[in-house]
There are 2 protein chains.
Amino acid sequence: MQERAKATRRSLLEAAAQLFAEQGYAATSVNDISARSGRTSGAVYFHYTGKEGIALAVVEDRFATWSQLAAPYEDETVPPLERLVALSYAIAHDLARDPVTRAGARLWAERTVITAPVPDPFALWTTAATRLLAQARLAGHLNERVRPARTARTLVRSFFGLCTLTDALEGTTALDDRLTDWWHLTLPSLRPQPPRGNLPAGL
Amino acid sequence: MQERAKATRRSLLEAAAQLFAEQGYAATSVNDISARSGRTSGAVYFHYTGKEGIALAVVEDRFATWSQLAAPYEDETVPPLERLVALSYAIAHDLARDPVTRAGARLWAERTVITAPVPDPFALWTTAATRLLAQARLAGHLNERVRPARTARTLVRSFFGLCTLTDALEGTTALDDRLTDWWHLTLPSLRPQPPRGNLPAGL
């Protein structure tokens with residue numbers, strides 16, 4: 001693609017993301033995207049086939065893919081549970097501060113008003129978390145009762161719920177602190193049991 | 001209110017709840033509610049001032065109030081943490097199976113397309129959970145590091161996120177099992193530390 005076409009596509013995508021993040025899918029028109037980006041409405045139809053096409057491109061650009069987050073969790077010199085925790089803060093940071101990620105999350109939440117299927121990152125996150133938990137087990141850093149795939153699924157869902165509900169109820173500035181509260185509650189169950197402790201029976 | 005007027009109001013509310021739960025706020029019209037309930041459109045305007053009014057009445061009828069759930073958590077012969085767990089399964093059951101509760105949750109999720117503020121149950125749940133955790137502490141059933149109000153807030157948000165995301169990704173039939181997975185991960189951090197165990201340092 002020519003550089004100029006690339007620049008046009010990117011500026012349309014970022015303008016659309018800002019608008020979707022601020023006011024949602026239903027309230028945003030192709031004209032709004034054109035006005036915000038300083039490009040023509042025709043450019044939206046030419047590059048993205050319209051409002052739904054650009055919304056899906058926004059979701060796929062960051063929220064549903066997270067390719068930019070691969071690096072920190074692949075550094076095997078860092079213990080796996082530490083990488084899991086760091087990954088969660090990186091995701092929360094983007095959910096709070098990156099307009100394209102925020103727009104993707106909002107569009108996913110509003111998926112019932114979008115005709116096409118809206119992709120989500122949950123399978124990807126669950127795979128990443130499963131791998132990190134399995135590595136932690138190999139390293140002897142995981143409680144023996146923890147089953148990686150099952151626990152990863154639970155972690156991903158409660159983590160994402162915590163982030164979206166904190167955003168809705170308190171705003172994004174509270175996100176780091178609430179995530180720390182959540183890890184204080186969750187991390188002890190992941191760590192190995194103390195050698196002689198007798199934890200009371202579970203559920 | 002006359003019995004006949006009460007019956008009309010209730011049948012309108014239940015028809016509207018079914019439709020909101022199935023197809024969402026935007027796709028449901030006053031005519032749909034009239035057709036589903038077998039009452040006139042005029043009755044919707046007379047009893048609820050229209051679609052937004054009946055939507056808010058649906059949210060307040062169950063999702064945002066939970067008055068029907070007061071009983072099990074007030075029975076002081078049952079240990080407080082057991083009541084907390086039982087309460088979570090009762091809420092998950094209604095989120096999965098009661099159409100008025102489901103509609104309320106969906107309308108809350110779709111609140112950006114509703115002009116009026118949509119009430120939510122989270123402050124109420126957090127107060128209830130805080131009280132149960134405080135009772136557990138008094139009874140010596142709580143880990144001494146757990147601060148009731150802060151932990152209640154974390155529990156409510158991750159619980160609700162788990163429920164809504166499980167519903168979205170797997171459907172409601174998985175809800176009980178996923179909630180059990182979540183308690184297996186969460187409950188050990190709430191229970192008192194074993195007398196001699198040395199838990200590894202937290203975060």
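Of the residues of chain B, B:Gly161 comes closest to the rotation axis, with its C-alpha atom at 1.7 Å. The model is predicted, and chain B is superposed on chain A by a rotation of 180° with 0.0 Å of shift along the axis, at an RMSD of 0.0 Å. That is the relation of a two-fold axis.

**Interface between chain B and chain A**

- Contact between the two chains involves 50 residues of chain B and 50 residues of chain A.
- The copies meet through the same surface, because 100% of the interface residues of chain B are also interface residues in chain A.
- The size of an interface is often expressed as the accessible area lost when the parts come together.
- Here the area buried between chain B and chain A is about 3900 Å², and carbon and sulfur atoms give 68% of that area.

**Polar and charged pairs across the interface**

- Side chains of opposite charge can pair when their charged atoms come close.
- Six salt bridges are found across the interface of chain B and chain A.
- A salt bridge joins the side chains of A:Asp181 and B:Arg150, with an N to O distance of 2.8 Å.
- Twelve residue pairs, with both residues at pLDDT 80 or more, are in polar contact across the interface of chain B and chain A.
- On the side of chain B that touches chain A, the elements giving two or more residues are α6 (80-97), α7 (99-109), α9 (148-170) and α10 (175-190) of chain B.
- Of these elements, α9(B) gives the most to that side, with 16 residues.
- Sorted by class, the side of chain B that touches chain A holds 25 nonpolar, 13 polar and twelve charged residues.

**Salt bridges in the model and within chain A**

- Over all chains, the count of salt bridges comes to 24.
- A:Arg102 and A:Asp167 form a salt bridge in which the closest N and O atoms are 3.1 Å apart.
- A:Arg102 belongs to helix α7 (residues 99-109) of chain A and A:Asp167 to helix α9 (residues 148-170) of chain A, so this pair ties together parts that are 65 residues apart in sequence.

**Fold and dimensions of chain A**

- The secondary structure of chain A consists of ten helices and zero strands.
- Along the sequence, the pattern of chain A reads α-α-α-α-α-α-α-α-α-α.
- Taken along the principal axes, the C-alpha atoms of chain A fill a box of roughly 70 × 35 × 30 Å.

**Annotated spans of chain A**

- An unreviewed UniProt entry carries the annotation "domain: HTH tetR-type" for residues 6-66 of chain A.
- Residues 6-66 of chain A are 77% helix and 0% strand, and the end C-alpha atoms of this span lie 21 Å apart.
- The UniProt annotation "DNA-binding region", likewise from an unreviewed entry, covers residues 29-48 of chain A.
- Over residues 29-48 of chain A, the chain is 80% helix and 0% strand, with the end C-alpha atoms 14 Å apart.

Definitions and conventions: Residues numbered from 1 in each chain as written. Chains lettered and ligands numbered in written order. Heavy atoms only, no water. Contact = heavy atoms within 4.5 Å. Buried area = accessible area lost by both parts, 1.4 Å probe. Salt bridge = Lys/Arg side-chain N within 4 Å of Asp/Glu carboxyl O. Polar contact = N/O pair within 3.5 Å; in protein donor to acceptor, adjacent residues only side chain to side chain. Helix = DSSP H or I, 4+ residues; strand = E, 2+ residues; numbered from the N terminus. Nonpolar A, V, L, I, M, F, W, Y, C, P; charged D, E, K, R; others polar. Least-squares fit on C-alpha atoms with pLDDT ≥ 70 in both. UniProt positions renumbered as here; feature names shortened; annotations may be inferred.
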